[in-house]
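Please read them with the sequence and the coordinates open.

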Amino acid sequence: MTLFIAAAVDECASGPCQDNGTCLDRRGAFSCTCPRTSRGKVCEIAMASSESDRVKRGGDFCSAIGCSNARRKQSCKGKSFFRFPKDDETCRKWVQNSRRQDLLNIPTSTLHARKYLFCSDHFEDKQFLRPTMKDRLVWNAIPTIFDVPNPPPKLTPTRRKLERPDDHSVPASKRSCSSTVTQSGMFHIQGPTGRSKGVVALCVLK
Ligand SMILES: [Zn+2]
């Protein structure tokens, strides 16, 4: 796509190409070579019209809501991208945790085949074989870190000092959590013998 404008000097000086398109100065004109994500004279037409459309696509982009990480992005070097698992049960957990309602009715085989991905940002350290590298997941890894209003509970919650589990004088839901608490929930604590130790409030710290 070429746009001719009447001006002198470097036609690309103003950086006319949007979406990181590459500008080519053509003596009185310029042309933009657009990335895969856009088209138009100055790459002004996004191939996917919105963030939500973009994250819906599988392939190069992380499919998490609000995450713009992509395989080929320079800024994402060092991040890993993991395809939705073939295992149906695990894949359902991935979809549920991501809060991607639109994926709920898509079969696991389709999600896998279309190369839906989550980037390494959505997995807690313990979900990696090598937490420092974050390049491989454990076989049953579940993503839990999503920037959504109702994120899933963490698999390895940071526990605030638990009150005595057998203290039922205060309802579990009323036991104090600090102001940095983002979510709290009820967890059933099992003793070593499987005997219930009672229900306590767990606070998940950000
Ligand atoms: Zn991501």
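The points below go from the overall layout to single residues.

1. Basis. This is a predicted model, in which local features need pLDDT of at least 70, side-chain atom pairs count only at pLDDT 80 or more, and totals for chains, interfaces and linings use all residues. Residues are numbered from 1 along each chain as its sequence is written.

2. Layout. The protein has three helices and nine strands. Helices (H or I, at least four residues) and strands (E, at least two) are DSSP runs, numbered from the N terminus. Read from the N terminus, the order is β-β-β-β-β-α-β-α-α-β-β-β.

3. Of the 206 residues, 18% count as buried. A residue is buried if 20 or more other C-beta atoms lie within 10 Å of its own, exposed if 12 or fewer, and partly exposed in between, with C-beta atoms placed from the backbone. Two residues are in contact if their C-beta atoms, placed from the backbone, lie within 7 Å. Among contacts between residues at least 6 apart in sequence, 48% join residues at least 24 apart.

4. The core. The largest nonpolar core holds 15 residues, and those touching the most other members are Cys62, Phe84, Cys91, Trp94, Leu111, Leu117 and Phe118. Helix 2 (88–98) and strand 7 are the elements that give two or more residues to this core. A nonpolar core here is a set of buried Ala, Val, Leu, Ile, Met, Phe, Trp, Tyr and Cys residues joined through C-beta atoms within 7 Å. In soluble globular proteins, nonpolar side chains tend to be buried together.

5. Helix 2. Which residues of helix 2 are buried? They are Cys91, Trp94, Val95, Asn97 and Ser98. The cover over the buried residues of helix 2 includes helix 3 and strand 7. Cys91, leaving aside neighbours within four places in sequence, is in contact with Phe84, Pro85, Thr108 and Leu111. Arg99 follows helix 2 and has a positive phi, near 60°.

6. Lys86. This residue is in the loop between strand 6 (81–83) and helix 2. Lys86 counts as exposed because it has 12 C-beta neighbours inside 10 Å. The C-alpha atoms of Lys86 and Thr108 are 6.4 Å apart in space, while the two residues are 22 apart in sequence.

7. Strand 2 and strand 3 (residues 29–33) pair in the antiparallel sense over four bridges; two strands pair if DSSP finds at least two bridges between them. Leu24 has Ser31 in strand 3 as its bridge partner, and Asp25 has Phe30. Three residues lie between the strands of this hairpin, where Arg27 takes a positive phi near 50°.

8. Positive phi in two other loops. Asn20 is not a glycine, yet has a positive phi of about 60°. Asn20 sits in the loop between strand 1 (2–4) and strand 2 (22–25), and counts as exposed because it has 12 C-beta neighbours inside 10 Å. Lys115, also not a glycine, has a positive phi of about 60°. The loop that holds Lys115 runs between helix 3 (108–113) and strand 7 (117–119). Why is Lys115 partly exposed? Lys115 falls in that class because it has 16 C-beta neighbours inside 10 Å.
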